[in-house]
6 protein chains.
Amino acid sequence: MSDQIQVARPSGRAAHVLRPITLTRQFTKHAEGSVLVEFGDTKVICTASIEEKVPGFLKGKGQGWLTAEYGMLPRSTHTRMDREAAKGKQSGRTQEIQRLIGRSLRAAFDLEQFGERTLHLDCDVIQADGGTRTAAISGAMVAAYDAFSKLKERGSIASIPVKHFVAAISVGVYQGLPVLDLDYLEDSNCDTDMNVVASENGHFIEVQGTAEGVAFDRATLNQLLDLAQLGIQEIITLQKQCLSL
Amino acid sequence: MSDQIQVARPSGRAAHVLRPITLTRQFTKHAEGSVLVEFGDTKVICTASIEEKVPGFLKGKGQGWLTAEYGMLPRSTHTRMDREAAKGKQSGRTQEIQRLIGRSLRAAFDLEQFGERTLHLDCDVIQADGGTRTAAISGAMVAAYDAFSKLKERGSIASIPVKHFVAAISVGVYQGLPVLDLDYLEDSNCDTDMNVVASENGHFIEVQGTAEGVAFDRATLNQLLDLAQLGIQEIITLQKQCLSL
Amino acid sequence: MSDQIQVARPSGRAAHVLRPITLTRQFTKHAEGSVLVEFGDTKVICTASIEEKVPGFLKGKGQGWLTAEYGMLPRSTHTRMDREAAKGKQSGRTQEIQRLIGRSLRAAFDLEQFGERTLHLDCDVIQADGGTRTAAISGAMVAAYDAFSKLKERGSIASIPVKHFVAAISVGVYQGLPVLDLDYLEDSNCDTDMNVVASENGHFIEVQGTAEGVAFDRATLNQLLDLAQLGIQEIITLQKQCLSL
Amino acid sequence: MSDQIQVARPSGRAAHVLRPITLTRQFTKHAEGSVLVEFGDTKVICTASIEEKVPGFLKGKGQGWLTAEYGMLPRSTHTRMDREAAKGKQSGRTQEIQRLIGRSLRAAFDLEQFGERTLHLDCDVIQADGGTRTAAISGAMVAAYDAFSKLKERGSIASIPVKHFVAAISVGVYQGLPVLDLDYLEDSNCDTDMNVVASENGHFIEVQGTAEGVAFDRATLNQLLDLAQLGIQEIITLQKQCLSL
Amino acid sequence: MSDQIQVARPSGRAAHVLRPITLTRQFTKHAEGSVLVEFGDTKVICTASIEEKVPGFLKGKGQGWLTAEYGMLPRSTHTRMDREAAKGKQSGRTQEIQRLIGRSLRAAFDLEQFGERTLHLDCDVIQADGGTRTAAISGAMVAAYDAFSKLKERGSIASIPVKHFVAAISVGVYQGLPVLDLDYLEDSNCDTDMNVVASENGHFIEVQGTAEGVAFDRATLNQLLDLAQLGIQEIITLQKQCLSL
Amino acid sequence: MSDQIQVARPSGRAAHVLRPITLTRQFTKHAEGSVLVEFGDTKVICTASIEEKVPGFLKGKGQGWLTAEYGMLPRSTHTRMDREAAKGKQSGRTQEIQRLIGRSLRAAFDLEQFGERTLHLDCDVIQADGGTRTAAISGAMVAAYDAFSKLKERGSIASIPVKHFVAAISVGVYQGLPVLDLDYLEDSNCDTDMNVVASENGHFIEVQGTAEGVAFDRATLNQLLDLAQLGIQEIITLQKQCLSL
């Protein structure tokens, strides 16, 4: 891989460079937390809603729950997809992603510190250009934080039950070159695709790597993880900035 | 009803005054037409997608088709609603609204003038504050026009197959006073609720009036239709302005 | 429209003439109310069933609920339709109609005057020839009245909680001529189709007008409403006669 | 069982006596065959519809197909049942019955003698008082015969492709007494319940016996089959009479 | 039928000979009862699971419930079938079979003698070669017995609530010859197919005979029942042997 | 982690030791490939079925397809789970696993080398004790190989289109100790759970690590990957042995 330097990414970015990332809070008015997260042309609305009860399996245990759902507007993509509500079922991909978002955010907050409440995270993609699930996780972190802030303002909880900030990013091997934060054009032509979720202390919450074409070796894996850890720290810095923390 | 003048609308508007209406074109980048329509705090993304085929029942007939779908983000509303894709079915209300949008827009365009193509309109509410279906119809008109413009630019059709512009507005009786363009607070407290779709020549496409509490008499119906026709003309003016027509 | 007199309706009826209407009470034996309603060749079985509980959202509020369902036998129509139970879902049209029936009948009765009970109205079309939803509403009124009479006989309620009788009729523009009570042949060739539900005092419960082909103007709308109000009064007279009121 | 003579059936009928059976042809107007069959208070509408195509697995084989569906109006029963179309699925009982009706009628007609057509039988119970499936089979026989007569009239087939008439009846053990044609009251209190379908030559198409409480011995089985064969011959006589054969 | 002796069954068995039958207890480790039943090449895993509650309609009545479910692995059959879980519904055949298994086993046990518990029987076919439902019933009897033995060992019940052993077998007419226990090759070429469930005292629980091609007469029915009663006694002997009773 | 040696695994195994693994070919008789795979007490039936067509999106492209489905018998687990076919939908977990199996096996075979055919892999868990998805992948490899051998024997393909063998194993952190091949008891008490799929040359196909409790650092990740690569090589040796390669 000594020649990696010659590979040009379609986006023109250097291998370790993120797309411009913006986090817009209070994007819609009803939700306790509402964030528009943009990773380049990928745009996801993340809302956090507090419900004053928990699912049946947690009733009476004195702890809270956090769950996530994910969807894409039918024409958020290059060609129109069928609407899942009209088809009457969510695809396997959708379920996989919303389970990932849920697990990632449950790792960020202490479920025992906000009473018998459920935090619902809804991540809806309005424009897709690669990396929707990592944008969703990164935006949902801020929306969830805002929702807990509101609970604290109301006096319902004493402090925000955050354990550590989490963020997510995709990495992949594009024409032999390990790169950070793939856009759609890069993603649909890469050999390996990995989504990494990590916390602010650099520890991993989720590592999901898939060889799309050629299997990847240990050295490549290590390069990808280096890039991911770098990118995640940048995103967590942005999350805290936008929350004035 | 001689005392109507004393009734104060929660919105502070006079009886015949619309909320501020904005139509933002090219709101997302993939769809042939993409409009964010805002009626006050009600915000709906309307996309128009061209598909190069028609449903089975029209195959080989040389004409096109136009169909619509409608959805609400789970937290577009005051309290979070269940996601229809997760429940596995669309509500009766959703189906009723998307059928209405489809009929209304089919009245605006000449299906025989754009070949064996389907125009899919997707109207997704990101923030709801009353009047989502009328905002959706009014915004979808512009999105559809843009999509047909793109078809014309590509040389696929000779001219935009518009018959006449259509727009929609709600009217209702709030505390005895017939008013135009109800917001959520007014809508949830009104006696009669009517949605009107009309064309630029003032003729009706749809009139759907429902007595929520007290049945309404003929005189009231006439006052409501006067208001609706007025409002629809204003919206059609806005549609044409934003299209520079 | 000065030449309207020359338009011959397929049914041979004058513009303002209803089809023969019959209401047969006690049509089946198990239901508290059971009416076969016939508008010409359109035949609908309307049953009213009392259930001694209310849906969850009304529990403990001391009031009742009224809800409706609608269906068509697969071969009630000219060509056989798929059975909705076999397909696993009700069509949008079915849901729209049953929501309309429910709203219309909830306007006829005082839900606060029959205790924590639910009245289920089932309207099943055994033969369709146009106007099934309006026949269903008109027949369900009688079936509901009979069911409440039975509740009163049992001593469960002190009086029948009727606010006012309601009935429904379709009107439309057939070859330029506004006509009352369209049969299938007229309905499938008309430009405008309107369903009107009104109470015995002539006030409107629902007005649902749709331009099938050409949009309709205000004058036409007024002519249609005149016809509808006339027809509804005739039907309400028949409802009361058959109940010996 | 020497004391059987002393057991009084709730219906007052002797053990071997059928309820009054009526078959009303042309009950509805659209279907090629349409029969209202009544076994006492049990009333079923049986329609036979001709479709000019066959299911995929028979395409191009030059033969026909016959299939059946069964349903109950929600308030055909003593207490209201949920509507299967609203629940989104047919019960196991419904599927079992419609499979039985289909098999029984496929035994009556020669599928190779009516071309690539499908005969759809729809059996819809409008009032239930026991024995709905046997009434359905017995009525569907006549509806199917009428539909094939219409095909012959149209010149589509040379002769009615009947192999032999079939009919069905229930038998059971009521308080130790084998009896014919159980009504609801008898059926819900019997130990053994058997549905028998047979042809005019006395041979069996289906024998379905179930011990509800106590298992039944061979002697009882024989008595039940004797009764069933007797009843089925009576019904086949009625079928032919009403068809003027 | 005097020449029956010359008909050779594909399996080479004489008319009254069962396939080799084995019952393997403790086939899997988690279930209270777990039996692999083999009728020749037909192999079914039957598990019996105790749940410490009853369905809603039995709550508080002090009695138990027993229910059954049936499934086939997609490639248990000659050609792969679609997976029912993936299709989102169980076929009519599956539901019919699991209802039959449930009724048959409820006849074997006294539901009033094991408290408010549910016994779930799961019968999953891993290899199919004809007679899966009769193998399932015969194996489920042993699995259920084992599960109740475990309940007794735990001291939850005083004795095993068995009323009588039940077993099931198929019989049919193969090329004119009544034969016992049809394998797939025989089953797919037979004229009449009958499944019989009986108890150890020779009484019938279920008799389900179907004429696949030619209707069958009373004499044939009697020969089939003779064979079935013979086979069932043999199976019940095997059940008791494997339970060391 | 210098004290890791003191942690005793519930299974008594050393950290790097697999459970006994067996692969039984020809486990059932109909499928082209059929393997019972056992990882200790985890038992999965893997069948490979050849279908002589491809899904719509590949028609006419001259290449094959490979897809997988996964299921668990209701009582394969400690407490009975609801049957997915009865519930009418597959869980998110099921879909996630079957997508993983499909991707993993598509990496093992060259889809362009077996014509327009589909290989269906069905992995059905009959007894679960942790690691069902990794056992399924490891067993499906052998079943798929057998199915392609059969295709080759038939002369349908010239050679077995294998690119490289793949196998899968789970690793995790149990009480601070990185361990290989977790059984249920270990799995339900571990902090980090990772499933790794790799090829015989040691390259990765899938790496899916999840922090159940505490996020994991880079050093731990490396230890887990070391263990996984070790275990996968052992399994691939077993796969080849049982295929006599």
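**Reading chain A and Leu119(E)**

Biologist: Of the contacts in chain A with a separation of 6 or more, what share comes from residues 24 or more positions apart?

Modeller: A contact means heavy atoms within 4.5 Å. In chain A, residues 24 or more positions apart account for 70% of the contacts with a separation of 6 or more. This is a predicted model, in which local features need pLDDT of at least 70, side-chain atom pairs count only at pLDDT 80 or more, and totals for chains, interfaces and linings use all residues. Residues are numbered from 1 along each chain as its sequence is written, chains are lettered from A and ligands numbered from 1 in the order in which they are written, and side-chain values use heavy atoms, without hydrogens and water.

Biologist: How many helices and strands does chain A have?

Modeller: Helices (H or I, at least four residues) and strands (E, at least two) are DSSP runs, numbered from the N terminus. Chain A has five helices and nine strands, in the sequence order β-β-β-β-α-α-β-α-β-β-α-β-β-α.

Biologist: Is Leu119(E) buried or exposed?

Modeller: Buried means under 20% relative accessible area, exposed over 50% and partly exposed in between (1.4 Å probe, protein chains only). Leu119(E) has a relative accessible area of 0% and is therefore buried. In chain A, 62% of the 245 residues count as buried.

Biologist: Where is Leu119(E) found, and which residues does it touch?

Modeller: Leu119(E) belongs to strand S5 (residues 118-127) of chain E. Leaving aside residues up to four places away in sequence, Leu119(E) touches several residues, among them Ile50(E), Trp65(E), Leu66(E) and Phe148(E). Its C-alpha atom is 9.7 Å from that of Glu32(E), 87 residues apart along the chain.
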